[in-house]
Amino acid sequence: MKMKNLKRVLGGLVMTISLLAMAPVAAHAEWIHDESCGWWYAEGDSWATGWKEIDGKWYYFNPINGYMVRDQTIQGYRLGHDGAWMVGASADSIGTYGTKFEFDKYTGTIRSYFGNDTKIVVPDTIDGVTVKSIGAGNTVYMNFGGEFSVALPNSLTSIGEKAFSNNYGLTSVNIPEGVTSIGKFAFCNVACTSIDIPNSVTSIGDSAFAGCEKLTSITIPNSVTSIGRNAFKGSDNATLYVNSESTKQLLISNGVDEGHIIVKN
């Protein structure tokens, strides 16, 4: 009996060692960027090919050269501008407006923009579907060189999390009536000098306008009842115009210096 138990223990130990030898070593896995070809994922002395789950997201790497694939549909699965599988989105759910917008028809959300216009006009509809949101968790990189402006449609109801985050060349954008929420980090680190928030907006997310060093003026209506943490942190040159004492106190309670707030009569 003891001999049998010993054999089982030794057998289990051999199996464990074998599995460990086969498993990739996380410490040697890392993202590597090549400016001319894109991203690839190093795994020790080799690299990822085909489908690979990384930090809870699925990516697809070219089986021949190992470079990450993005903005394409692979085996029926849609890959976003960041290369990650867009969960719930299929090839049929994605529409384009010309060749510039990637659009999820199921949710009415613009996910990416591929042009280089200095004035970007977002349409009310794409392929007959109403444009309701922009961003929604993904930064919509608009223009990698120079300054540009964005005209948003009246059909828009929400500006999603990280919608325009880190678009350093964005100098002007309108927020149309009908938008009810501005997500976390939505306009973080943009170059806009002034922004008017319409009366339809009720909530502004965490760090929504953080790091906007060139922002000098922003108007906040009484309709806003919720302002997230650090919504204006680092936007030290901005004067915040409000219409009531209650909105002023809401800003102060969220860390805005009283000296930067003006109550309009």
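Reader: Why does Ala48 count as buried?

Author: Buried means under 20% relative accessible area, exposed means over 50%, and partly exposed lies in between (1.4 Å probe, protein chains only). Ala48 has 3% relative accessibility, so it falls under the limit and counts as buried. Before we go on, please note that this is a predicted model, in which local features need pLDDT of at least 70 and side-chain atom pairs count only at pLDDT 80 or more, while totals for chains, interfaces and linings use all residues. Residues are numbered from 1 along each chain as its sequence is written, and side-chain values use heavy atoms, with hydrogens and water left out.

Reader: Which residues is Ala48 in contact with, leaving aside its neighbours within four places in sequence?

Author: Contact means heavy atoms within 4.5 Å. With those neighbours set aside, Ala48 is in contact with Tyr41, Glu43, Phe61 and Gly66. The C-alpha atoms of Ala48 and Pro63 are 8.3 Å apart, though 15 residues separate the two along the chain.

Reader: Where is Ala48 found?

Author: Ala48 is in the loop between β3 and β4 (50-54). Strands (E, at least two residues) and helices (H or I, at least four) are DSSP runs, numbered from the N terminus. The protein has 24 strands and two helices.

Reader: What makes β1 and β2 a pair?

Author: Two strands pair if DSSP finds at least two bridges between them. β1 (residues 29-34) and β2 (residues 38-43) have six bridges and run in the antiparallel sense. One of the bridge partners is Trp40 in β2, which goes with Ile32. β2 also pairs with β3 (residues 46-47) in the antiparallel sense, over two bridges. β2 and β3 form a hairpin with two residues between them, and Gly44 in the turn has a positive phi of about 70°.

Reader: What makes the pair of Trp31 and Tyr41 edge-to-face?

Author: Rings of Phe, Tyr and Trp (its six-membered ring) pair if their centres lie within 6.5 Å; planes under 30 degrees apart count as stacked, over 60 as edge-to-face and the rest as tilted. For Trp31 and Tyr41 the centres are 5.2 Å apart and the planes stand at 70°, which makes the pair edge-to-face. Trp31 lies in strand β1 and Tyr41 in strand β2, so the pair ties together parts that are 10 residues apart in sequence. Trp31 has a relative accessible area of 29%, so it is partly exposed. Tyr41, at 11%, is buried.

Reader: How do you know that the rings of Phe209 and Phe232 are stacked?

Author: Their centres are 5.6 Å apart and their planes are at 5°, so the pair is stacked. Phe209 sits in the loop between β20 (203-204) and β21, and Phe232 in the loop between β22 (226-227) and β23, so to speak linking distant parts of the chain, 23 residues apart. Both Phe209 and Phe232 are buried.

Reader: How many residues does the largest nonpolar core have?

Author: A nonpolar core is a set of buried Ala, Val, Leu, Ile, Met, Phe, Trp, Tyr and Cys residues joined through side-chain atoms within 4.5 Å. The largest one here has 47 residues, and those with the most contacts inside it include Phe209 and Phe232. Among the elements that give two or more residues to this core are β21 (217-220), β23 (239-242) and α2 (245-253). A second, separate core of seven residues includes Ile54, Phe61, Met68 and Ala84.

Reader: Why is one side of β19 and of β24 left without a neighbour in the sheet?

Author: Four strands form an open sheet in the order β19-β21-β23-β24, with parallel pairing. β19 (194-196) and β24 (261-263) stand at the edges with a single partner strand each, so one side of each has no neighbour in the sheet. Further in, four bridges join β21 to β23, and Ile218 stands opposite Leu240 in β23. α2 packs on the sheet, touching β21, β23 and β24, and its direction makes about 170° with that of β24. For such angles, axes are lines fitted to C-alpha atoms (for helices over the stretch in contact), and values run from 0 to 180 degrees between N-to-C directions.
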